[in-house]
Every structure is written in C-alpha cells, then in structure tokens.
Amino acid sequence: KSDSDTYSCDIGDAQSRAKLVVQEAPVRFKQELQNEEAKEGKEVKLSCELSKTGTPVTWMKGDTVLHASEKYEFRQHGTVAELVIRGVKAGDA
C-alpha cells in the first residue's frame with residue numbers, strides 16, 4: 001500500500017496539512033547478464049538479478065524480441081529473471 005497521501009496535524013482549533021508524494025525507485029540490475037559459451041545442442045541459461053520483484057522483463061536476441069517457445073523459456077523467481085535456450089546452434093550466437 002502506498003504512503004502517498006495528505007497528512008495532517010490537528011490541535012483542536014487548527015490543523016496543518018501536508019501532501020506526501022512517494023516516487024517509485026527505478027529498477028536497477030543487481031547482477032547483470034554474464035557471457036556464456038556452450039557446445040551445440042546443449043541448453044544454456046542466462047540470468048540477471050533486478051532490484052525489484054515482479055519487474056516485467058523483455059528478452060531479446062539482437063534487435064528481435066524473443067517469444068516463449070520450445071526453444072526459449074522465460075522464468076522469473078522473485079528478483080531473478082532467467083532465459084533458457086534449448087538446443088543451441090552456432091547461429092544462436
């Protein structure tokens with residue numbers, strides 16, 4: 001629940017009011033993606049850790065947005081986002 005609201009101090013005959021606006025902290029990488037090497041046909045897992053739970057993540061290969069499929073699986077556990085790539089090929093590099 002947000003703490004943003006109007007707060008007041010009441011002394012009976014008078015009241016003082018103030019508005020509190022809480023700005024959301026930006027999401028940051030606590031752990032960035034690491035370079036990987038794998039043999040063709042193997043499964044590779046890339047992961048990064050974010051500063052905020054439940055942050056939406058978009059996985060990309062170059063400029064192309066990836067979509068969940070038999071080849072690509074997306075997982076998110078708390079602040080950790082994972083991309084699993086199955087059956088890697090030299091063309092996946």
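1. Which residues does T55 touch, not counting residues up to four places away in sequence? In this predicted model, T55 touches V27, L50 and Q76. T55 sits in a loop, with β4 (44-50) on one side and β5 (60-61) on the other. Its relative accessibility is 13%. Buried means under 20%, so T55 counts as buried.

2. Now the core. The largest nonpolar core has 11 residues. They are V44, L46, C48, L50, W59, L66, Y72, A81, L83, I85 and V88. Two elements, β4 and β8 (80-85), each give two or more residues to this core. The largest share, 4 residues, comes from β4. As background, nonpolar side chains tend to be buried together in soluble globular proteins.

3. Look next at V88, a member of that core. Leave aside its neighbours within four places in sequence. V88 is then in contact with A38, K39, E40, G41, K42, V44 and K71. Of these contacts, V44 is also listed in the core.

4. The second largest pocket has a volume of about 210 Å³. It is lined by 13 residues, and the closest to its centre are F29, L33, C48, V57 and T58. By class, the lining has 9 nonpolar, 2 polar and 2 charged residues. C48 is named in this lining and in the largest nonpolar core.

5. Finally, the hairpin of β1 and β2. Strand β1 (residues 5-10) runs antiparallel to strand β2 (residues 15-20), and 6 bridges join them. S8 stands opposite R17 in β2. The hairpin has 4 residues between the strands, and G12 takes a positive phi near 95°.

Methods
Residues numbered from 1 in each chain as written. Predicted model: local features only at pLDDT ≥ 70, side-chain atom pairs only at ≥ 80, totals over all residues. Heavy atoms only, no water. Buried < 20%, exposed > 50% of the residue type's maximum accessible area, 1.4 Å probe, protein only. Contact = heavy atoms within 4.5 Å. Pairing = 2+ DSSP bridges. 1 Å grid on protein atoms, 1.4 Å probe; cavity = no way out; pocket = protein on both sides within 12 Å on 5 of 7 lines; lining within 4 Å. Points joined across faces, edges and corners; volume = space filled by probe spheres on them. Nonpolar A, V, L, I, M, F, W, Y, C, P; charged D, E, K, R; others polar. Core = buried A, V, L, I, M, F, W, Y, C linked by side-chain atoms within 4.5 Å.
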